[in-house]
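Please read them alongside the coordinates.

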Amino acid sequence: MAILDKFQNSISFLYKLFDIDEKKEISIIEEAEEKIQLPDEYLERFTLYPIQNKDFLKNRDQELKSLELAYENWKIVNSPLLVVNDPGEGGTSLLHASTYIYPTAKILETNQAIDSYKKLIGLITKALQIDEEFKSLKDLEKHISTLEDKNIIILENIERLFIRRVRGFDLLEDFLLFLHATKTKIYWIVSVNKYSFYYLNRVKYFSSHFPSIIHLNPILNEQLKEEILSRNNGYNMVFLKPNKISKKIEKQLKKESKEERQIHLEKIFFKKLFNFSKGNISKAILFSRNSAYSVKGKTVFVKPTEIKVLDDLSLDDLFILEAIFQHRSLSIKELNIVLRNSDRQSRLSIEKLLERQLIRPTTTINKKVEYRINLMYLDILKELLKERLNRNFR
């Protein structure tokens with residue numbers, strides 16, 4: 001608390017100086033070593049959540065047109081659709097918002113592993129509002145063939161239907177057979193993680209089951225900037241000097257007026273945000289939130305966050321991170337199955353990765369804890385998988 005009080009007093013003092021010497025104020029803040037805790041009201045603006053309505057979905061007009069076209073094609077040739085996206089790119093928002101195209105669509109959200117035929121059959125029958133119980137997908141398929149009405153089902157995260165072990169693909173393969181057998185009665189829209197798509201193509205020729213595939217495009221930089229500025233609406237943004245800066249830029253900043261300096265620092269901030277996010281909307285939002293240095297009243301001080309270098313990860317760490325990435329998320333029990341680890345081994349590894357903030361815990365509907373990759377380290381992980389594990393994916 002003493003440290004917090006010290007910084008709050010410092011900020012108050014700086015505000016008294018604001019109209020006298022803004023450069024001096026910003027310079028002093030830049031030298032601070034501790035971030036002040038940010039108010040909840042400000043942090044809530046950067047909460048990540050899927051959009052449910054087309055009217056609130058931004059920058060996905062082309063993908064929505066592609067979804068409309070794919071639906072019209074299904075009416076003719078009965079082709080299921082696959083949507084390939086990275087975590088954080090907005091795939092869930094796109095699919096939820098697209099239901100204006102087919103208002104009767106049922107969404108199967110696989111926020112946890114579908115690890116049994118019973119669970120998969122239960123999800124499908126519930127979506128189709130079928131009261132009967134079926135012992136197999138084959139029995140359910142026969143029942144669906146007798147239905148008069150056609151249905152649309154959106155299955156998110158199909159990678160949750162397999163687990164990387166001996167016979168771990170049986171459920172996924174049987175579902176694909178079921179998908180083909182029911183595609184005249186059901187328009188299947190399926191989403192998959194990009195890395196899982198790469199992996200499944202290598203081992204199971206996965207893409208051959210989907211004549212129609214949509215890959216999400218990166219969001220344009222100007223649209224990312226607009227999104228970040230809108231989330232800061234009502235706040236005066238004061239841009240601070242990054243921790244790492246070239247001597248050339250340092251000299252330029254010293255020569256500039258306070259207005260020129262702010263314009264220059266804003267450009268530096270957004271350049272770093274664009275380089276980090278690479279068109280991924282969620283990563284851009286997280287970068288901006290983590291860059292908020294302190295908030296005083298309706299002024300937010302923004303200092304580009306520095307991403308840690310991960311050059312000391314062991315091969316065991318990488319294999320664990322890859323397994324989580326392939327399956328989107330894994331519990332301790334599932335990690336034991338995939339890597340043939342003991343429970344103690346997996347727990348120790350998970351604790352180490354949590355301490356380094358490389359993964360984050362999530363709780364499923366059934367209150368089971370699973371672990372996902374921290375989006376802040378997504379691209380770094382991809383590069384390490386390419387360089388050290390020779391994973392040749394885009």
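1. Tyr71 is buried, at 12% relative accessible area. Trp74 also counts as buried, with a relative accessibility of 4%. Note that this is a predicted model. Both residues belong to helix H4 (residues 61–77), where they stand 3 residues apart, which means a separation of about one helical turn. Residues three or four places apart in an α-helix point the same way, because there are 3.6 residues a turn.

2. Tyr71 and Trp74 form one that is stacked, with 6.1 Å from centre to centre and 10 degrees between the planes. The cut-off for calling a pair stacked is under 30 degrees between the planes.

3. As to the chain overall, the secondary structure consists of 17 helices and 10 strands. Of its 394 residues, 50% count as buried. Taking contacts between residues at least 6 apart in sequence, 75% join residues at least 24 apart.

4. Helix H12 covers residues 258–277, and its geometry agrees with expectation: 20 residues at 1.5 Å a residue should span 28 Å, and the end C-alpha atoms are 28 Å apart. Its buried residues are Arg261, Gln262, His264, Leu265, Ile268, Phe269, Phe270, Leu273, Phe274, Phe276 and Ser277. After H12 comes Lys278, with a positive phi near 50 degrees.

5. Which residues make up the aromatic cluster that includes Phe269? Phe239, Phe269, Phe270, Phe274, Phe276 and Phe287 form this one cluster. Among the buried residues of H12 are Phe269, Phe270, Phe274 and Phe276. Lys225 lies over the face of Phe270, 5.1 Å from the ring centre, and the charged end of Lys283 sits over the ring of Phe276, at 4.9 Å from its centre.

6. Helix H15 (residues 332–339) has Ile332, Glu334, Leu335, Asn336 and Val338 as its buried residues. The elements that cover them include helix H14 (315–327), helix H16 (343–355) and strand E10 (369–373). Just after H15, Arg340 has a positive phi of about 55 degrees.

7. Two further residues deserve a look for their backbone angles. Most residues other than glycine have a negative phi. Gln129 has a positive phi, near 55 degrees, and is placed in the loop between helix H6 (117–127) and helix H7 (137–145). Arg328 also has a positive phi, near 75 degrees, and is placed in the loop between H14 and H15.

8. Is each of these two residues buried or exposed? Gln129 counts as exposed, because its relative accessibility is 67% and the cut-off for exposed is over 50%. Arg328 counts as buried, because its relative accessibility is 15% and the cut-off for buried is under 20%.

9. The volume of the largest cavity is about 40 Å³. Its lining is made up of Leu310, Leu321, Leu358, Ile373, Tyr377 and Leu381. Of these, Leu321 falls within the range of H14 (315–327), and Ile373 within that of strand E10 (369–373).

Notes
Residues are numbered from 1 along each chain as its sequence is written. This is a predicted model: local features need pLDDT of at least 70, side-chain atom pairs count only at pLDDT 80 or more; totals for chains, interfaces and linings use all residues. Side-chain values use heavy atoms; hydrogens and water are left out. Helices (H or I, at least four residues) and strands (E, at least two) are DSSP runs, numbered from the N terminus. The expected span of a helix is 1.5 Å times one less than its number of residues. Buried means under 20% relative accessible area, exposed over 50%, partly exposed in between (1.4 Å probe, protein chains only). Contact means heavy atoms within 4.5 Å. Rings of Phe, Tyr and Trp (its six-membered ring) pair if their centres lie within 6.5 Å; planes under 30 degrees apart count as stacked, over 60 as edge-to-face and the rest as tilted. A charge sits over a ring if NZ of Lys or CZ of Arg is within 6 Å of the ring centre and within 35 degrees of the ring normal. On a 1 Å grid over the protein atoms alone, a cavity is a set of points where a 1.4 Å probe fits but cannot get out, and a pocket is an open set with protein on both sides within 12 Å along at least five of seven lines; lining residues have an atom within 4 Å of a point. Grid points are joined across faces, edges and corners, and a volume is the space filled by probe spheres set on the points.
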